[in-house]
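New notebook page, new structure. I want to jot down what I look up, one item at a time.

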Amino acid sequence: MATWSSRGLRGSALEEMINYTNEQYLIKKLALIQKIPTPIKPIRIEKETRHITLAYFDQKSTVDYIGAVQGIPVCFDAKETAVSVFPLQNIHEHQVEFMKNFEQQEGIAFIILYYTHLHEAYYVPFRDILYFWERSKRGGRKSFTYDEIDKTYRIAIEGGVYLKYLETLQLDLLSRN
């Protein structure tokens, strides 16, 4: 089993933006999206603060978020990069399989990819992730670049905290018809 040792809350800025956005979508009755916690088993807990400082992952997680948007099942993962290249090792095979199965059940799967150095976020449809994934399995690049993602799926960031990803989801839905 994989172990985890606290190095701060990795990806927390993106997750905070998504969580805030999901709260707003719920209030406006646009979507119900839940954060899926990664199951961990604590090994070491700091006595004074009761913080977990060492743990191992209890089981493989699926994706970060799952829910429904206007009756459409959706699942997605939140990913960040500080450079213009995104290593595919940051997406695990079990996540790709889950998203593939999710789409086979007529759901919509995607990742929200946040380029921290550019302060830009993108909706990356699962079909694109699958293309990059299969390319790497055939011996191609083990990553994809900023230039390879579809810029029409850029997610507007309002007020620095509100990721308006439903607009890009709508673009994806229209492209499927």
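I started with Y123, which is buried, its relative accessible area being 1%. This is a predicted model, so I keep in mind that every value here is computed from it. Y123 sits in strand β9, and I found it paired with Y153, from the loop between β10 (143–145) and β11. The two are 30 residues apart, so the pair links distant parts of the chain. Y153 is buried as well, at a relative accessible area of 5%. Stacked, edge-to-face or tilted? The ring centres are 5.5 Å apart and the planes make 35°, which lies between the cut-offs of 30 and 60 degrees, so I noted the pair as tilted.

I searched the whole structure and got 16 aromatic pairs. Y123 and Y153 belong to a cluster linked by ring pairs, together with Y20, Y25, Y65, F76, F110, Y162 and Y165. I also looked for charges over rings. The charged end of K35 sits over the ring of Y65, 5.4 Å from the ring centre. K151 lies over the face of Y146, and there the distance to the ring centre is 4.2 Å.

How many residues of β9 are buried? Six of the six are, so the strand is largely enclosed by the rest of the structure. Then I checked the two faces.

Entry 4, neighbours of β9. β8 and β9 run antiparallel and are joined by six bridges. On this side F110 stands opposite P125 of β9. β8 and β9 form a hairpin with four residues between the strands, and H119 there takes a positive phi near 50°. I then turned to β11, which pairs with β9 (residues 120–125) in the antiparallel sense over two bridges. Y122 has R154 of β11 as its bridge partner.

I traced the strand order as β2-β5-β6-β8-β9-β11, an open sheet of six strands with mixed pairing. The edge strands, each pairing on one side only, are β2 (31–35) and β11 (154–155). β5 and β6 pair in the antiparallel sense over five bridges, and I66 has C75 of β6 as its bridge partner. Their hairpin leaves two residues between the strands, and Q70 takes a positive phi near 50° in it. β6 and β8, by contrast, pair in the parallel sense, over eight bridges. One spot I marked there is V74, which stands opposite I108 of β8. I also counted burial in β6: seven of its 10 residues are buried, so β6 is largely enclosed by the rest of the structure.

Helix α3 (residues 126–137) lies across β8 and β9, and I got an angle of about 80° between α3 and β9. Is N22 buried or exposed? Its relative accessible area is 6%, under the 20% cut-off, so N22 is buried. Setting aside residues up to four places away in sequence, N22 touches I33, Y65 and Y165.

Which residues touch the most other members of the largest nonpolar core? F110, I112, Y165 and L169 do, in a core of 25 residues. Elements giving two or more residues to this core are α1, β2, β5, β6, β8, β9, β13 (162–163) and α4 (165–176). I listed the contacts of F110 beyond four places in sequence, and among them are V74, F76, M99, Y123, P125, Y165 and L169. Apart from this core lies another, of 22 residues, including L88, V96, F102 and V124. In soluble globular proteins, nonpolar side chains tend to be buried together.

Definitions and conventions
Residues are numbered from 1 along each chain as its sequence is written. This is a predicted model: local features need pLDDT of at least 70, side-chain atom pairs count only at pLDDT 80 or more; totals for chains, interfaces and linings use all residues. Side-chain values use heavy atoms; hydrogens and water are left out. Two strands pair if DSSP finds at least two bridges between them. Contact means heavy atoms within 4.5 Å. Axes are lines fitted to C-alpha atoms, for helices over the stretch in contact, and angles run from 0 to 180 degrees between N-to-C directions. Buried means under 20% relative accessible area, exposed over 50%, partly exposed in between (1.4 Å probe, protein chains only). Rings of Phe, Tyr and Trp (its six-membered ring) pair if their centres lie within 6.5 Å; planes under 30 degrees apart count as stacked, over 60 as edge-to-face and the rest as tilted. A charge sits over a ring if NZ of Lys or CZ of Arg is within 6 Å of the ring centre and within 35 degrees of the ring normal. A nonpolar core is a set of buried Ala, Val, Leu, Ile, Met, Phe, Trp, Tyr and Cys residues joined through side-chain atoms within 4.5 Å.
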